[in-house]
Amino acid sequence: MRQPNLSDVALFAAVVEAGGFRAAAQKRGMSASSLSDCLRRLESDVGLRLLNRTTRSVTPTAAGERLLERLRPALEAIEAAFNDLDDEAQRPVGTLKLNVPVPVARYLLPDLLSRFLRLYPGVNVEVVMENTFIDVIAAGYDAGVRYEESLAKDMIAVPIGPRRQRFVAAASPAYLAAHGTPRHPSELTDHQLLGHRFESGKVSIFEFEKDGRTLRIPPRGQLLTSSQDLKTSAAINGLGIVYTFEDFIREPLADGRLLPILEDWWQAFDGPYLYYHGRRHMPSPLRAFVDFVKAEARASAAP
């Protein structure tokens, strides 16, 4: 016996279920003669007659009945598997792995993911915070979020969250009372500047912009840290001037623990982007999240 073609096996079951070649052919979108050829090939492969053909009906032979009885559970399992794929497309199930920078994880994702996860109860989300730019696919993530990055050609970038953000400079009332309030970035060379060191080892530069002019001031002070919380606390405690994401110090600015300085020179920049591979099958949780992010962007842009 030759190994039968699985497509022919499925067609055999379809003919028996439909009670004839014409009805089965219409359901399968093929001609009755082609369907008949497939069944003759299956009978040749197994070396047995599987169907009784008359001008009025088509019924399985005893051998065909036995074969169909054994095949039916497997065929039903195959059908269920494809139905599950359809269900997954409509109701995503699985884990979405994201790699994002600290500001996004801290200030953007909490509300965004709460709404997303309530909408898709079958999806789990795993978030890892990392400020350096990485190859998210090679690292095993479905997508990443970064700011103003140069992405590879096979990556797709989708805006996520606010489209404009800025760095703000601030210091405590006590520090300004003791050291004076700088009126121009050039005056910062005489001040304690609280520095930030990235995971890569690079030290962040205080970069200010106004009227097309950019001034870059290296931080010089008693504190250099990779901890945003430590840097903010140091500024509140009067140890120096901080220059950072507005979200990081929004609360102490609002309650007066920090006072803004050099506001005309604050640097603005594009908001973050969700990016993912554009040349691979998109898992249903990722597709759902991308669609959700796009819908959120349209809603926020609506008047």
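View 1. An α-helix has 3.6 residues a turn, so residues three or four places apart point the same way. Helix α9 covers residues 284-301, and its 18 residues reach 26 Å from the first C-alpha to the last. That is close to the expected 26 Å, where the expected span is 1.5 Å times one less than the number of residues. Helices here are DSSP runs (H or I, at least four residues) and strands are E runs of at least two, numbered from the N terminus. Please keep in mind that this is a predicted model: local features need pLDDT of at least 70, and side-chain atom pairs count only at pLDDT 80 or more, while totals for chains, interfaces and linings use all residues. Residues are numbered from 1 along each chain as its sequence is written, and side-chain values use heavy atoms, without hydrogens and water.

**View 2. Where helices α1 and α2 pack.** Helix α1 (residues 6-18) meets helix α2 (residues 21-28) at about 120°, with axes 8 Å apart. Axes are lines fitted to C-alpha atoms, for helices over the stretch in contact, and angles run from 0 to 180 degrees between N-to-C directions. From α1, the contact (heavy atoms within 4.5 Å) includes Leu11 and Val15, and from α2 it includes Phe21 and Lys27.

**View 3. Thr61 in its loop.** Thr61 sits between β2 (58-60) and α4 (62-90). With 9% relative accessibility, Thr61 counts as buried. Beyond its neighbours within four places in sequence, Thr61 contacts Arg49, Leu50, Leu51 and Asn52.

Technical notes
Buried < 20%, exposed > 50% of the residue type's maximum accessible area, 1.4 Å probe, protein only.
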